[in-house]
Amino acid sequence: MEHTMRNALGEAVRAAHTQIPADIRCAADYERHAIHHIEAQAWQHIQSGADQNLTLSHNRAALDALRLVPQPVADLRHAHTRIELLGQTLASPLLLAPVAYQRLVHPEGELATVRAAMALQTGMVVSTLSSFTLEEIAQAGQAAATEMGHSTPRWFQLYMQPAREHSLQLIRRAEAAGYTAIVWTVDASIKRSGFALPHGVEAANLRGMPSTQHTPPLLGPILFGTPLMQQIPTWDDLRWLRAQTQLPIIVKGILSPAQAQQAVDLGADALIVSNHGGRVLDGVVSPIEVLPAIAQAVQGQVPLLLDSGVRHGTDVVKALALGASAALIGRPQLYALATAGLVGVAHLLHLLRAELELTMAQLGCATVADITPAVLWQQR
């Protein structure tokens, strides 16, 4: 007898809609729908943060605490959201963050997501742990971009592998497939995970490569002194990466102003201020809180991007006001993909872009360059 997958509500997992449900008007609505379309353990994995979920909830609280000051009398006849980032033109300062194993929520996984991103002219960062190969995702994205008649950047997110030769293989594959930047993640090489991938979902890019997993014994080394410690990124890894590729290198997972400056000194072309969506360490500062200090530290030498908790167009504006060039969204991709596949992700991106434009209009900002700290209320 065929096993029926159950969602977190104990119901049979529903197939994705072929049309957008009529009651979806914002990203939060997709989360409300998605629980019906995702298997229970996968849902728990997606929703979880580290330990008590303090960081997870604080990311939202820190964004919500910022208040905007409308300036509705403005000339917006030539308004637009375009930005230049690392020599590439983006339709808006909004990108899709790297999200692993998207086939957990939809059979087409990253292929559907990249097609939606290209249709909406939104940059996408493809995870090392994607459930389709980086080549398959690039081909799907290029085909969609060609069909739409416009090009949108696709970046490859790199987790360093235990052997540098395997990391180099991933870089060369990304270069050959047409990715235009390498996003090196530094904050998630050591994290707890009790989630076992279901049958049919794998890290497609890592087939044939060794992996390091560690279950500490009751007696003996826990983490320190184990092979897992050898995977922690070092500044020497950044030096090595810089010597291996001409592509821009974006360092993701920076929260310290001192480390931000060090990354720039060693060749980083951009930084993503991130706490990995609250998934790695609990009690961590929110990226939006440290963004001004990091901007002060790097003094405009490289672009800064921000993720972790971004859910609304207003969040994007708040990030830009405090020094970011763009913001990335993570979990909402999965909610929209599970709910309505490709059209869901495309609709989500449309909603966020609409919120961004509405916010800019109310603030009197005709371009992204007009978004400054002056749009935020400063308590005296």
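This is a predicted model: local features need pLDDT of at least 70, side-chain atom pairs count only at pLDDT 80 or more; totals for chains, interfaces and linings use all residues.
**Aromatic pairs**

I searched the whole structure and got 2 aromatic pairs. One joins tryptophan 43 and tyrosine 335, with 5.9 Å from centre to centre and 45 degrees between the planes, and it is tilted. I found tryptophan 43 in helix H2 (residues 40–47) and tyrosine 335 in helix H11, so this pair ties together parts 292 residues apart in sequence. Tryptophan 43 and tyrosine 335 are both buried.

Then I went back to phenylalanine 156 and tyrosine 179. Their ring centres are 6.0 Å apart and the planes sit at 65 degrees; over 60 counts as edge-to-face, so that is what I call this pair. Phenylalanine 156 is in strand S5 (residues 154–158), while tyrosine 179 is in the loop between helix H6 (164–177) and strand S6 (182–185), so the pair links parts 23 residues apart in sequence.

**The core**

Next I checked the largest nonpolar core, which has 118 residues. Helix H11 (residues 331–363) gives the most to this core: 14 residues. Among the residues with the most contacts inside the core are Trp155 and Leu271. I listed what leucine 271 touches, leaving out residues up to four places away in sequence, and the list includes Ile250, Val264, Pro303 and Leu305.

**Glutamine 121**

Last, I looked at glutamine 121, in the loop between helix H4 (109–119) and strand S4 (123–126). Its relative accessibility is 34%, so I noted glutamine 121 as partly exposed. Beyond four places away in sequence, glutamine 121 touches Ala91, His150 and Thr152.

Note on methods:
Residues are numbered from 1 along each chain as its sequence is written. Side-chain values use heavy atoms; hydrogens and water are left out. A nonpolar core is a set of buried Ala, Val, Leu, Ile, Met, Phe, Trp, Tyr and Cys residues joined through side-chain atoms within 4.5 Å. Buried means under 20% relative accessible area, exposed over 50%, partly exposed in between (1.4 Å probe, protein chains only). Helices (H or I, at least four residues) and strands (E, at least two) are DSSP runs, numbered from the N terminus. Contact means heavy atoms within 4.5 Å. Rings of Phe, Tyr and Trp (its six-membered ring) pair if their centres lie within 6.5 Å; planes under 30 degrees apart count as stacked, over 60 as edge-to-face and the rest as tilted.
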